[in-house]
Amino acid sequence: MWSDIPNDRILRWDEPTGNVGVFRSPAGYTNGHTVDREGRLVSCSHGARRVERTEHDGSITPIADRYDGKRLNSPNDVVVSSDGAVWFSDPTYGIDSDYEGFAAESEIGASHVYRVDPQSGACAIAADDFVRPNGLAFSPDERRLYVSDTGMTHFPDGPRHIRAFDVGPDGALSGGEVFATCTEGIFDGFRFDVEGRLWTSAGDGVHCYDPDGTLLGKVLVPEGVANVVFGGPKRNRLFICATTSLYSVMLGVSGAARP
């Protein structure tokens, strides 16, 4: 499943038939998705300005819509760690205009990364030094959290990189050094393979980085890419969400298990 944000729908592709259909429309201008440990879809809704979960019966449960009493901007991407905590980015893309949501002023006045505690459900700031936090994913061992910053969409000299944070036993983040800087467009969504290599969207396709930050190669795509995910029975098929199309490529490596 993937989002078609401006058209306010979630689409799905079924491998046995090859058919593409509509999973939900209207969809609240949803953006990033993940699946939690119970197989439920967790989504970022620009329209409702919240993170929400689709239950097995199809009902929708809000997970987080405010911080310190103020409405979130427009949650963008989300991951669920193995302890059940929900981590998400909250830039302003869904409230900057009516194109991907509803134009509004930011009540918080900044763009942060948040963590929702799995026991209490409390929403807390995990990182507050981003311009526009965007995609995020954990390393396969969950010891590091990687977050892209796409601030150059609002500021000519703004960031266009991915940062890496160490994750403490209590979920606290430290470090935050730049892991890689995009040379074509911006990094948006990304995922890891089982060897710890990072596969990220970019302006000319998908870039693959070694765990030490070395660019290993690219999967060139004729459109700008927004997100990727590993799928298939062996998780060795990379699905690529580009500007107007969904692509896939079979790889010689397998994607790491979620998150």
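**Figure 1. The second largest pocket of the predicted model, with a volume of about 250 Å³.** The model shown in this and the following views is predicted. The pocket is lined by 17 residues, and those closest to its centre are Arg-40, Arg-53, Ile-63, Gly-84 and Val-86. Strand 7, spanning residues 60-64, gives the most to the lining of this pocket, contributing three residues. By residue class, the lining of the second largest pocket comprises seven nonpolar, four polar and six charged residues.

**Figure 2. The edge-to-face pair of Trp-87 and Phe-138, shown as one of the eleven aromatic pairs in the structure.** The ring centres of Trp-87 and Phe-138 are 5.5 Å apart and the ring planes meet at 85°; because planes over 60 degrees apart count as edge-to-face, the pair is placed in that class. Trp-87 belongs to strand 11 (residues 86-90) and Phe-138 to strand 14 (residues 133-138), so the contact ties together parts that are 51 residues apart in sequence. Trp-87 has a relative accessible area of 2% and is therefore buried, the cut-off being under 20%. Phe-138 also counts as buried, at 2% relative accessibility.

**Figure 3. The stacked pair of Phe-88 and Tyr-114.** The centres of the rings of Phe-88 and Tyr-114 lie 5.3 Å apart, with the planes at 20°; since planes under 30 degrees apart count as stacked, this pair is so classified. Phe-88 lies in strand 11 and Tyr-114 in strand 12 (residues 112-116), so the pair ties together parts that are 26 residues apart in sequence. Phe-88 is buried, with a relative accessible area of 0%. Tyr-114 likewise counts as buried, at 0% relative accessibility.

**Figure 4. An aromatic cluster and a charge placed over a ring.** One aromatic cluster is formed by Tyr-146, Phe-179, Phe-187, Phe-192 and Tyr-209. The other contact in this legend involves Arg-163, whose charged end sits over the ring of Phe-130 at 4.6 Å from the ring centre.

**Figure 5. The hairpin of strand 20 and strand 21.** Strand 20 (residues 205-209) pairs with strand 21 (residues 215-220) in the antiparallel sense, over five bridges. Within this pairing, Val-206 has Val-219 in strand 21 as its bridge partner. Five residues lie between the two strands of the hairpin, and Gly-213 in the turn adopts a positive phi of about 95°. Asp-212 is also found in the loop between strand 20 and strand 21. With a relative accessible area of 58%, Asp-212 is exposed, because the cut-off for that class is over 50%. The C-alpha atom of Asp-212 is separated by 39 Å from that of Asn-19, which is 193 residues away along the chain.

**Figure 6. Gly-151 in the loop between strand 15 and strand 16.** Strand 15 covers residues 144-149 and strand 16 covers residues 161-167, with Gly-151 in the loop between them. Gly-151 counts as buried, at 0% relative accessibility. From Gly-151 to Glu-184 the separation is 33 residues in sequence and 15 Å in space, taken from C-alpha to C-alpha.

**Figure 7. The cis peptide bond from Ser-25 to Pro-26.** The omega angle of this bond is near -5°. Pro-26 is located in the loop between strand 3 (19-24) and strand 4 (30-35).

**Figure 8. Positive phi at the non-glycine residues Asp-68 and Glu-142.** Asp-68 has a positive phi of about 55° although it is not a glycine. This residue, Asp-68, is placed in the loop between strand 8 (66-67) and strand 9 (70-71). At 65% relative accessibility, Asp-68 counts as exposed. For Glu-142, phi is near 65°, again a positive value in a residue other than glycine. Glu-142 is found in the loop between strand 14 and strand 15.

How values were computed. Residues are numbered from 1 along each chain as its sequence is written. This is a predicted model: local features need pLDDT of at least 70, side-chain atom pairs count only at pLDDT 80 or more; totals for chains, interfaces and linings use all residues. Side-chain values use heavy atoms; hydrogens and water are left out. On a 1 Å grid over the protein atoms alone, a cavity is a set of points where a 1.4 Å probe fits but cannot get out, and a pocket is an open set with protein on both sides within 12 Å along at least five of seven lines; lining residues have an atom within 4 Å of a point. Grid points are joined across faces, edges and corners, and a volume is the space filled by probe spheres set on the points. Helices (H or I, at least four residues) and strands (E, at least two) are DSSP runs, numbered from the N terminus. Ala, Val, Leu, Ile, Met, Phe, Trp, Tyr, Cys and Pro count as nonpolar, Asp, Glu, Lys and Arg as charged, and the others, Gly among them, as polar. Rings of Phe, Tyr and Trp (its six-membered ring) pair if their centres lie within 6.5 Å; planes under 30 degrees apart count as stacked, over 60 as edge-to-face and the rest as tilted. Buried means under 20% relative accessible area, exposed over 50%, partly exposed in between (1.4 Å probe, protein chains only). A charge sits over a ring if NZ of Lys or CZ of Arg is within 6 Å of the ring centre and within 35 degrees of the ring normal. Two strands pair if DSSP finds at least two bridges between them.
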